[in-house]
Amino acid sequence: MNLFGNAVPWRSIAKEALERTAIVTRFLCLLHVTNTYICTPTLVYGPSMLPTLNLTGDVLLAERVSHRLGKVRPGDVVLVRSPVDPRKSLTKRVVAMGGDKVTFVVDPRNSDRVRTITVPRGHVWIQGDNIYASRDSRQFGAVPYGLVEGKILCRVWPLDGFGLLHH
């Protein structure tokens, strides 16, 4: 009984709680599917992609469809699972695809010695735009295409940099 002497409608309260729980569950499922298979925001900071991206951080939107359809090409900026630390994701530019030859400066800080290799099939060669401050394929080699998680679509933050990333 409540203050007015009426019976508390437990069934209607339980029904409403279940309905709201179902709505929240559907929303979370939609959010998970969107984040995993369609697009995801990602925070990127550090010097490796200067001048394309800001040192202090950018929020980028990565779409997760193109790489599944084989639509990643040299010049694209991609989100890649780190081959060195699988808990981390990297944002780098694709320089070459499997079967392509790539010539790169081995240690740009200390010499101008170059090396040319052929990227193995099923792999991509990724590099940061700032070759002086980037850990990339020059150190850990070509990355299996399966580690590509998405293609960067646009910058969403800071607002003055909002828009598509250009090659």
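Contact here means heavy atoms within 4.5 Å. The structure is a predicted model, so local features need pLDDT of at least 70 and side-chain atom pairs count only at pLDDT 80 or more, while totals for chains, interfaces and linings use all residues. Residues are numbered from 1 along each chain as its sequence is written, and side-chain values use heavy atoms, with hydrogens and water left out.

Start with Thr116. Leaving aside neighbours within four places in sequence, Thr116 is in contact with Lys101, Val102 and Thr103. Thr116 sits in strand β6 (residues 114-118); helices (H or I, at least four residues) and strands (E, at least two) are DSSP runs, numbered from the N terminus. Thr116 has a relative accessible area of 47%, so it counts as partly exposed. On this scale buried means under 20% relative accessible area, exposed over 50%, and partly exposed in between (1.4 Å probe, protein chains only).

Now for the charged pairs. A salt bridge is a side-chain nitrogen of Lys or Arg within 4 Å of a carboxyl oxygen of Asp or Glu, and the count by this rule comes to seven. One of them pairs Arg155 with Asp58, whose closest N and O atoms are 3.0 Å apart. Because Arg155 lies in strand β9 (residues 148-157) and Asp58 in strand β2, this pair ties together parts that are 97 residues apart in sequence. Arg155 is buried at 11% relative accessible area, and Asp58 is buried at 0%.

Arg93 and Asp129 make another salt bridge, with 2.8 Å between the closest N and O atoms. It links distant parts of the chain: Arg93 belongs to strand β4 (residues 89-97), and Asp129, 36 residues away, to the loop between β7 (123-127) and α2 (137-140). Arg93 counts as buried at 13% relative accessibility, whereas Asp129 is partly exposed at 24%. Arg138 and Asp136 also meet in a salt bridge (2.9 Å, N to O), and both of these residues are buried.

The Arg64 side chain does reach the backbone oxygen of Glu149, at 3.5 Å. Beyond its neighbours within four places in sequence, Arg64 has contacts that include Asn35, Tyr37, Cys39, Leu79 and Gly150.

The peptide bond from Leu50 to Pro51 is cis, with omega near 0°, and Pro51 is found in the loop between β1 (39-44) and β2. Most peptide bonds are trans. At 47% relative accessibility, Val24 counts as partly exposed, and Val24 lies in helix α1 (residues 10-38).

Key
Polar contact = N/O pair within 3.5 Å; in protein donor to acceptor, adjacent residues only side chain to side chain.
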